[in-house]
Amino acid sequence: MASSGLQLLGFMLSLIGLAATVAASCMVEWRRYYEGGKASQKTYHGLWMKCSGGGGASRTCEMYESLLKLPTEIQVTRAVILLSIFLSSVAVMVSTVGMKCTRFMDGKDKSKSTVAMVAGIMFVIAGLLTLIITSWYVRMIVNSFNASQHLNRYEFGSAVFVSWGGAILTLAGGAFLSCRRCWSEGSGSAMTQRANYV
């Protein structure tokens with residue numbers, strides 16, 4: 001089996017990526033809109049609420065009233081982000097069972113290896129979902145900006161970058177976990193060759 005250090009690294013990267021994705025979904029700064037061309041008057045649109053004001057204590061926020069009245073990009077992004085979070089959460093539990101440093105399934109190294117690989121694949125899928133939907137959301141903002149002939153100052157906010165970062169970390173951690181079986185086979189064959197030469 002691969003070293004438990006590499007498994008732990010992949011698990012921690014995926015866990016940080018999951019936390020970043022959850023944080024991004026709760027943030028309100030997915031899209032910024034400057035009203036009347038004044039940078040001091042901003043409106044922020046998140047996946048769950050929108051806020052307006054000049055910033056600081058003067059900012060007021062309100063939850064979206066109806067799901068059906070939301071723009072398509074918010075509905076789709078919200079659904080896919082929630083799916084990614086759910087998939088990553090399940091992968092955390094599965095990888096805990098399959099990691100070498102845990103006591104679950106002791107004596108069943110091959111089964112633990114398979115379980116960890118499945119968890120890694122789940123993390124990779126979750127990371128891809130977050131990466132794709134965030135990029136699509138940014139594309140929709142750019143299209144809205146171009147369609148308004150640059151009269152409205154739409155920008156994507158900091159939540160987009162947090163979501164991208166979470167997606168990359170989740171992908172990297174999942175890659176460590178899913179490729180673990182390949183590395184273990186390679187290292188095992190190398191050790192066998194060395195033993196034969198001795």
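Me: Okay, where is Ser-25 found?
Reply: Start with the secondary structure. This is a predicted model, and in it Ser-25 belongs to helix α1, which covers residues 4-26.

Me: Is Ser-25 buried or exposed?
Reply: Look at the relative accessible area; under 20% counts as buried. Ser-25 comes out at 6%, so it is buried.

Me: Which residues is Ser-25 in contact with, if we leave aside neighbours within four places in sequence?
Reply: The idea is to look for heavy atoms within 4.5 Å. For Ser-25 that gives Trp-30, Leu-47, Trp-48, Ile-81 and Ile-85.

Me: And which other residues are buried in α1?
Reply: Gln-7, Gly-10, Phe-11, Leu-13, Ser-14, Gly-17, Leu-18, Ala-20, Thr-21 and Ala-24 are buried there, along with Ser-25.

Me: How far does α1 reach from its first C-alpha to its last?
Reply: Compare the span with what 1.5 Å a residue would give. With 23 residues, α1 reaches 33 Å, close to the expected 33 Å.

Me: Now zoom out. How many helices and strands does the chain have?
Reply: There are 5 helices and 5 strands. Read from the N terminus, the order is α-β-β-β-β-α-α-β-α-α.

Me: What about burial and contacts across the chain?
Reply: Of the 198 residues, 36% are buried. For contacts with a separation of 6 or more, 66% come from residues 24 or more positions apart.

Me: And how much accessible surface does the chain have?
Reply: About 10,700 Å², with 65% of that belonging to carbon and sulfur atoms.

Technical notes: Residues numbered from 1 in each chain as written. Predicted model: local features only at pLDDT ≥ 70, side-chain atom pairs only at ≥ 80, totals over all residues. Heavy atoms only, no water. Helix = DSSP H or I, 4+ residues; strand = E, 2+ residues; numbered from the N terminus. Buried < 20%, exposed > 50% of the residue type's maximum accessible area, 1.4 Å probe, protein only. Areas by Shrake-Rupley, 256 points an atom, 1.4 Å probe, with all protein chains shown as cover. Expected span 1.5 Å × (residues − 1).
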